[in-house]
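Please read it alongside the sequence.

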Amino acid sequence: MNEPYSAFTRRSFMSILTASAFGIRSPIARSAETSTQKKAQIAITFDLEMSRQYPKRNMLEWDFQKGNLNSETKAYSLKSAEVASESGGQIHFFCVGRVLEQKDIGWLKKISEMGHPIGNHTYDHVNVWATKPQQTQFRFQRSPWLLGGKTAEQVIRQNIRLTTDAMKQRLGIEPDGFRTPGGSNSALNKREDLQKMLLAEGFQWVSSGYPQHKYSKPKVEPSQEIYQSILQAQQKAQPYVYPSGLIEIPMSPISDVGAFRSSYWKLKYFLKSVELCVQQAIEQGGVFDFLCHPSIMYVEDPNFETIKLICDLVNQAGNRAEIVGLSEIAKRVSAKQN
(Lines give C-alpha, C1' and ligand atoms only; values in the text may rest on other atoms or scores of the structure.)
Protein backbone atom coordinates (compact mmCIF):
# COMPACT_ATOMS: atom_id res chain seq x y z
CA MET A 1 0.00 0.00 0.00
CA ASN A 2 1.41 3.39 -0.98
CA GLU A 3 1.67 5.97 1.73
CA PRO A 4 -0.92 8.79 1.38
CA TYR A 5 0.53 11.89 -0.22
CA SER A 6 -2.08 14.45 0.62
CA ALA A 7 -0.92 16.16 3.81
CA PHE A 8 -0.42 19.87 3.24
CA THR A 9 2.48 20.09 5.69
CA ARG A 10 4.35 17.34 3.85
CA ARG A 11 3.83 19.00 0.49
CA SER A 12 4.82 22.40 1.83
CA PHE A 13 8.03 20.99 3.27
CA MET A 14 8.84 19.16 0.04
CA SER A 15 8.16 22.29 -2.02
CA ILE A 16 10.74 24.21 -0.03
CA LEU A 17 13.21 21.35 -0.15
CA THR A 18 12.92 20.74 -3.88
CA ALA A 19 12.85 24.43 -4.68
CA SER A 20 16.24 24.74 -3.05
CA ALA A 21 17.55 21.66 -4.83
CA PHE A 22 16.41 22.71 -8.29
CA GLY A 23 16.66 26.47 -8.12
CA ILE A 24 12.90 27.08 -8.04
CA ARG A 25 11.45 29.76 -5.81
CA SER A 26 9.35 28.28 -3.05
CA PRO A 27 5.94 29.71 -2.10
CA ILE A 28 7.48 31.13 1.08
CA ALA A 29 10.19 32.92 -0.91
CA ARG A 30 7.75 34.32 -3.48
CA SER A 31 7.91 38.09 -3.87
CA ALA A 32 4.98 40.46 -4.24
CA GLU A 33 5.64 40.83 -7.96
CA THR A 34 4.05 37.43 -8.64
CA SER A 35 0.64 38.91 -7.98
CA THR A 36 0.73 40.29 -11.52
CA GLN A 37 2.20 37.23 -13.24
CA LYS A 38 0.33 35.19 -15.80
CA LYS A 39 -1.96 32.57 -14.31
CA ALA A 40 -0.64 29.04 -14.70
CA GLN A 41 -2.86 26.69 -16.68
CA ILE A 42 -2.84 23.09 -15.47
CA ALA A 43 -4.50 20.38 -17.53
CA ILE A 44 -5.20 16.78 -16.51
CA THR A 45 -5.55 14.57 -19.57
CA PHE A 46 -6.53 10.90 -19.90
CA ASP A 47 -6.00 8.88 -23.08
CA LEU A 48 -8.82 6.33 -23.27
CA GLU A 49 -7.08 3.23 -24.59
CA MET A 50 -5.70 -0.06 -23.37
CA SER A 51 -1.97 -0.24 -22.62
CA ARG A 52 0.44 -3.08 -23.20
CA GLN A 53 1.91 -4.68 -20.06
CA TYR A 54 -1.25 -3.87 -18.06
CA PRO A 55 -2.80 -5.04 -15.83
CA LYS A 56 -0.02 -7.65 -15.97
CA ARG A 57 3.42 -7.60 -17.55
CA ASN A 58 3.93 -9.39 -20.88
CA MET A 59 0.39 -8.57 -22.02
CA LEU A 60 0.87 -7.35 -25.60
CA GLU A 61 -2.48 -8.18 -27.20
CA TRP A 62 -3.80 -4.70 -26.36
CA ASP A 63 -1.62 -3.34 -29.19
CA PHE A 64 -4.20 -4.90 -31.52
CA GLN A 65 -7.24 -3.95 -29.43
CA LYS A 66 -6.52 -0.45 -28.18
CA GLY A 67 -10.20 0.49 -27.94
CA ASN A 68 -11.42 -2.65 -26.18
CA LEU A 69 -11.50 -1.06 -22.73
CA ASN A 70 -11.88 -3.40 -19.79
CA SER A 71 -14.32 -2.69 -16.97
CA GLU A 72 -11.58 -1.49 -14.61
CA THR A 73 -10.38 1.17 -17.05
CA LYS A 74 -13.90 2.48 -17.61
CA ALA A 75 -14.69 2.55 -13.89
CA TYR A 76 -11.42 4.33 -13.09
CA SER A 77 -12.08 6.94 -15.79
CA LEU A 78 -15.54 7.74 -14.45
CA LYS A 79 -14.41 7.86 -10.82
CA SER A 80 -11.46 10.08 -11.79
CA ALA A 81 -13.86 12.52 -13.42
CA GLU A 82 -15.93 12.56 -10.23
CA VAL A 83 -12.86 13.09 -8.04
CA ALA A 84 -11.68 16.00 -10.21
CA SER A 85 -15.15 17.58 -10.27
CA GLU A 86 -15.44 17.37 -6.49
CA SER A 87 -12.20 19.38 -6.25
CA GLY A 88 -13.36 21.99 -8.74
CA GLY A 89 -11.24 20.59 -11.58
CA GLN A 90 -11.79 18.74 -14.81
CA ILE A 91 -10.14 16.08 -16.95
CA HIS A 92 -9.68 16.31 -20.70
CA PHE A 93 -10.24 12.84 -22.15
CA PHE A 94 -9.06 11.63 -25.56
CA CYS A 95 -11.10 8.79 -26.99
CA VAL A 96 -9.94 6.05 -29.33
CA GLY A 97 -12.88 5.63 -31.68
CA ARG A 98 -13.17 1.85 -31.32
CA VAL A 99 -14.19 2.45 -27.70
CA LEU A 100 -17.54 3.56 -29.11
CA GLU A 101 -18.14 0.11 -30.61
CA GLN A 102 -18.60 -1.28 -27.11
CA LYS A 103 -22.15 -2.00 -26.00
CA ASP A 104 -21.97 0.08 -22.83
CA ILE A 105 -20.75 3.66 -23.15
CA GLY A 106 -22.96 5.01 -20.40
CA TRP A 107 -19.87 5.74 -18.30
CA LEU A 108 -18.48 7.97 -21.05
CA LYS A 109 -21.79 9.77 -21.52
CA LYS A 110 -21.78 10.53 -17.78
CA ILE A 111 -18.28 11.97 -18.08
CA SER A 112 -19.43 14.22 -20.91
CA GLU A 113 -22.57 15.28 -19.03
CA MET A 114 -20.40 16.25 -16.07
CA GLY A 115 -18.69 18.80 -18.31
CA HIS A 116 -15.39 17.05 -18.95
CA PRO A 117 -14.16 17.62 -22.52
CA ILE A 118 -13.52 14.64 -24.81
CA GLY A 119 -11.20 14.82 -27.80
CA ASN A 120 -10.33 12.70 -30.84
CA HIS A 121 -7.52 10.13 -30.46
CA THR A 122 -8.00 8.39 -33.86
CA TYR A 123 -10.09 5.28 -34.36
CA ASP A 124 -7.43 2.56 -34.10
CA HIS A 125 -4.68 4.49 -32.27
CA VAL A 126 -2.71 5.01 -35.46
CA ASN A 127 0.77 6.46 -35.81
CA VAL A 128 0.16 9.73 -37.64
CA TRP A 129 3.86 10.07 -38.47
CA ALA A 130 3.84 6.78 -40.45
CA THR A 131 4.66 7.03 -44.15
CA LYS A 132 3.69 3.45 -45.05
CA PRO A 133 0.16 2.11 -44.44
CA GLN A 134 1.34 -1.02 -42.61
CA GLN A 135 3.24 1.16 -40.17
CA THR A 136 0.15 2.98 -38.98
CA GLN A 137 -1.02 0.29 -36.52
CA PHE A 138 -0.19 -3.23 -35.32
CA ARG A 139 -3.72 -4.26 -36.25
CA PHE A 140 -3.05 -3.57 -39.92
CA GLN A 141 0.17 -5.59 -39.86
CA ARG A 142 -1.78 -8.61 -38.62
CA SER A 143 -4.78 -7.93 -40.89
CA PRO A 144 -3.44 -6.01 -43.93
CA TRP A 145 -6.69 -6.48 -45.88
CA LEU A 146 -8.26 -3.87 -43.59
CA LEU A 147 -6.13 -1.25 -45.34
CA GLY A 148 -8.04 -1.77 -48.57
CA GLY A 149 -5.21 -0.42 -50.68
CA LYS A 150 -5.20 2.95 -48.91
CA THR A 151 -2.09 5.08 -48.55
CA ALA A 152 -0.80 6.01 -45.11
CA GLU A 153 -2.29 9.48 -45.53
CA GLN A 154 -5.69 8.01 -46.39
CA VAL A 155 -5.58 5.60 -43.43
CA ILE A 156 -4.75 8.39 -41.00
CA ARG A 157 -7.39 10.77 -42.37
CA GLN A 158 -10.06 8.06 -42.28
CA ASN A 159 -9.10 7.14 -38.70
CA ILE A 160 -9.52 10.74 -37.60
CA ARG A 161 -12.77 11.22 -39.49
CA LEU A 162 -14.31 7.94 -38.27
CA THR A 163 -13.72 8.95 -34.66
CA THR A 164 -15.32 12.34 -35.19
CA ASP A 165 -18.36 10.68 -36.79
CA ALA A 166 -18.56 8.05 -34.05
CA MET A 167 -18.47 10.71 -31.32
CA LYS A 168 -21.22 12.68 -33.02
CA GLN A 169 -23.46 9.66 -33.55
CA ARG A 170 -22.84 7.67 -30.35
CA LEU A 171 -22.07 10.44 -27.84
CA GLY A 172 -23.88 13.31 -29.49
CA ILE A 173 -20.88 15.64 -29.19
CA GLU A 174 -18.19 17.15 -31.38
CA PRO A 175 -14.61 16.17 -30.46
CA ASP A 176 -12.86 18.75 -28.31
CA GLY A 177 -9.44 18.84 -29.95
CA PHE A 178 -7.06 16.18 -31.22
CA ARG A 179 -4.23 14.27 -29.60
CA THR A 180 -1.86 12.07 -31.54
CA PRO A 181 -1.37 8.50 -30.34
CA GLY A 182 2.16 8.68 -28.99
CA GLY A 183 4.16 11.87 -28.90
CA SER A 184 7.24 13.17 -30.67
CA ASN A 185 10.01 15.51 -29.61
CA SER A 186 9.64 17.21 -32.99
CA ALA A 187 5.82 17.32 -32.70
CA LEU A 188 4.41 18.22 -36.14
CA ASN A 189 7.09 20.81 -36.86
CA LYS A 190 8.27 19.10 -40.04
CA ARG A 191 4.86 17.77 -41.07
CA GLU A 192 2.96 20.61 -42.64
CA ASP A 193 0.85 17.98 -44.42
CA LEU A 194 -0.45 16.71 -41.08
CA GLN A 195 -1.04 20.24 -39.83
CA LYS A 196 -3.16 21.01 -42.89
CA MET A 197 -5.00 17.69 -42.56
CA LEU A 198 -6.03 18.47 -38.99
CA LEU A 199 -7.09 21.99 -39.89
CA ALA A 200 -9.15 20.61 -42.77
CA GLU A 201 -10.80 18.17 -40.35
CA GLY A 202 -11.90 21.09 -38.19
CA PHE A 203 -9.27 21.07 -35.45
CA GLN A 204 -7.72 24.33 -34.25
CA TRP A 205 -5.18 22.68 -31.96
CA VAL A 206 -3.26 19.45 -31.55
CA SER A 207 -1.40 17.82 -28.67
CA SER A 208 1.45 15.91 -30.33
CA GLY A 209 4.73 17.04 -28.80
CA TYR A 210 6.58 15.28 -26.00
CA PRO A 211 10.00 16.73 -25.07
CA GLN A 212 13.03 14.53 -24.53
CA HIS A 213 14.32 13.99 -21.02
CA LYS A 214 16.41 11.50 -19.08
CA TYR A 215 14.93 8.32 -17.63
CA SER A 216 16.06 6.41 -14.57
CA LYS A 217 17.10 2.80 -14.91
CA PRO A 218 14.27 0.30 -14.34
CA LYS A 219 13.41 -0.27 -10.68
CA VAL A 220 15.93 2.36 -9.54
CA GLU A 221 14.85 5.43 -7.58
CA PRO A 222 15.21 8.52 -9.80
CA SER A 223 18.07 10.83 -8.87
CA GLN A 224 17.99 14.61 -8.66
CA GLU A 225 19.52 14.60 -12.14
CA ILE A 226 16.46 12.76 -13.49
CA TYR A 227 14.02 15.15 -11.82
CA GLN A 228 16.05 18.11 -13.06
CA SER A 229 15.93 16.76 -16.61
CA ILE A 230 12.16 16.39 -16.37
CA LEU A 231 11.81 19.96 -15.09
CA GLN A 232 13.94 21.27 -17.95
CA ALA A 233 11.83 19.32 -20.43
CA GLN A 234 8.68 20.70 -18.81
CA GLN A 235 9.85 24.23 -19.58
CA LYS A 236 10.05 23.23 -23.26
CA ALA A 237 6.58 21.69 -23.22
CA GLN A 238 4.85 25.04 -23.69
CA PRO A 239 2.22 25.76 -26.36
CA TYR A 240 3.02 27.54 -29.62
CA VAL A 241 1.59 28.16 -33.08
CA TYR A 242 2.77 26.47 -36.27
CA PRO A 243 3.18 28.64 -39.41
CA SER A 244 0.02 26.94 -40.71
CA GLY A 245 -1.96 28.47 -37.84
CA LEU A 246 -2.50 25.17 -36.00
CA ILE A 247 -1.81 25.45 -32.27
CA GLU A 248 0.45 22.89 -30.59
CA ILE A 249 -0.09 22.02 -26.90
CA PRO A 250 2.70 19.59 -25.96
CA MET A 251 2.28 16.81 -23.42
CA SER A 252 4.26 17.36 -20.25
CA PRO A 253 6.77 14.90 -18.80
CA ILE A 254 6.86 12.43 -17.27
CA SER A 255 4.02 10.30 -18.58
CA ASP A 256 2.74 7.26 -16.71
CA VAL A 257 4.07 5.12 -19.57
CA GLY A 258 7.62 6.37 -19.06
CA ALA A 259 7.42 6.33 -15.28
CA PHE A 260 5.64 3.07 -14.58
CA ARG A 261 5.85 0.88 -17.68
CA SER A 262 9.39 1.72 -18.73
CA SER A 263 11.11 2.69 -15.47
CA TYR A 264 9.01 0.70 -12.97
CA TRP A 265 8.70 3.73 -10.69
CA LYS A 266 6.99 3.60 -7.34
CA LEU A 267 3.99 5.88 -7.03
CA LYS A 268 5.81 8.19 -4.63
CA TYR A 269 8.46 8.91 -7.28
CA PHE A 270 5.76 9.80 -9.78
CA LEU A 271 3.94 12.05 -7.32
CA LYS A 272 7.17 13.88 -6.56
CA SER A 273 7.78 14.52 -10.26
CA VAL A 274 4.22 15.73 -10.79
CA GLU A 275 4.44 18.07 -7.82
CA LEU A 276 7.74 19.54 -8.99
CA CYS A 277 6.34 20.20 -12.45
CA VAL A 278 3.07 21.70 -11.22
CA GLN A 279 4.91 23.95 -8.77
CA GLN A 280 7.28 25.06 -11.51
CA ALA A 281 4.37 25.85 -13.83
CA ILE A 282 2.69 27.87 -11.08
CA GLU A 283 5.88 29.76 -10.28
CA GLN A 284 6.48 30.59 -13.94
CA GLY A 285 2.86 31.15 -14.97
CA GLY A 286 3.23 28.37 -17.52
CA VAL A 287 1.33 25.35 -18.77
CA PHE A 288 1.43 21.80 -17.42
CA ASP A 289 -0.33 19.20 -19.59
CA PHE A 290 -0.42 16.09 -17.41
CA LEU A 291 -0.60 12.93 -19.51
CA CYS A 292 -1.75 9.55 -18.29
CA HIS A 293 -3.79 6.47 -19.18
CA PRO A 294 -6.51 5.08 -16.90
CA SER A 295 -5.62 1.56 -18.08
CA ILE A 296 -2.26 2.08 -16.34
CA MET A 297 -3.33 4.29 -13.47
CA TYR A 298 -5.97 1.95 -12.06
CA VAL A 299 -3.09 -0.43 -11.34
CA GLU A 300 -0.45 2.08 -10.24
CA ASP A 301 -2.60 4.69 -8.49
CA PRO A 302 -5.85 3.01 -7.40
CA ASN A 303 -6.68 5.75 -4.88
CA PHE A 304 -6.46 8.65 -7.36
CA GLU A 305 -3.63 10.29 -5.43
CA THR A 306 -2.19 11.99 -8.51
CA ILE A 307 -5.43 13.73 -9.43
CA LYS A 308 -6.01 14.77 -5.83
CA LEU A 309 -2.47 16.12 -5.59
CA ILE A 310 -2.80 18.23 -8.74
CA CYS A 311 -6.16 19.62 -7.67
CA ASP A 312 -4.84 20.41 -4.19
CA LEU A 313 -1.79 22.22 -5.53
CA VAL A 314 -3.88 24.34 -7.88
CA ASN A 315 -6.45 25.13 -5.19
CA GLN A 316 -3.68 26.16 -2.80
CA ALA A 317 -2.25 28.47 -5.46
CA GLY A 318 -5.42 30.56 -5.46
CA ASN A 319 -5.64 33.00 -8.35
CA ARG A 320 -2.16 32.05 -9.60
CA ALA A 321 -3.34 28.84 -11.24
CA GLU A 322 -6.36 27.13 -12.74
CA ILE A 323 -7.26 23.66 -13.99
CA VAL A 324 -8.51 23.85 -17.55
CA GLY A 325 -9.15 21.78 -20.66
CA LEU A 326 -6.73 22.12 -23.54
CA SER A 327 -9.14 24.30 -25.53
CA GLU A 328 -8.79 26.98 -22.85
CA ILE A 329 -5.03 26.83 -23.23
CA ALA A 330 -5.41 27.15 -26.99
CA LYS A 331 -7.65 30.21 -26.54
CA ARG A 332 -4.96 32.01 -24.56
CA VAL A 333 -2.33 31.14 -27.17
CA SER A 334 -4.61 32.39 -29.93
CA ALA A 335 -5.41 35.60 -28.07
CA LYS A 336 -1.71 36.26 -27.58
CA GLN A 337 -1.14 35.85 -31.30
CA ASN A 338 -3.91 38.32 -32.05
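A residue is called buried under 20% relative accessible area, exposed over 50%, and partly exposed in between (1.4 Å probe, protein chains only). The model is predicted: local features need pLDDT of at least 70, side-chain atom pairs count only at pLDDT 80 or more, and totals for chains, interfaces and linings use all residues. Residues are numbered from 1 along each chain as its sequence is written, and side-chain values use heavy atoms, leaving out hydrogens and water.

**Nonpolar cores**
- A nonpolar core is a set of buried Ala, Val, Leu, Ile, Met, Phe, Trp, Tyr and Cys residues joined through side-chain atoms within 4.5 Å.
- The largest such core has 67 residues, and Ile42, Ile44, Leu108, Trp265 and Phe270 touch the most other members.
- Helix α9 (residues 267–284) gives the most to this core, with 10 residues; helices are DSSP runs (H or I, at least four residues), numbered from the N terminus.
- A second, separate core of 18 residues includes Val128, Phe178, Val206 and Tyr242.
- Beyond its neighbours within four places in sequence, Phe270 is in contact (heavy atoms within 4.5 Å) with residues including Ile254, Trp265, Phe290 and Met297.

**Cysteines**
- With a disulfide taken as a pair of cysteine sulfur atoms within 2.5 Å, the count is zero.
- Cys277 is buried at 1% relative accessibility, and Cys292 is buried at 0%.

**Helix α11**
- The buried residues of α11 include Glu305, Thr306, Ile307 and Cys311.
- Just after α11, Gly318 takes a positive phi of about 60°.

Methods: Helix = DSSP H or I, 4+ residues; strand = E, 2+ residues; numbered from the N terminus.
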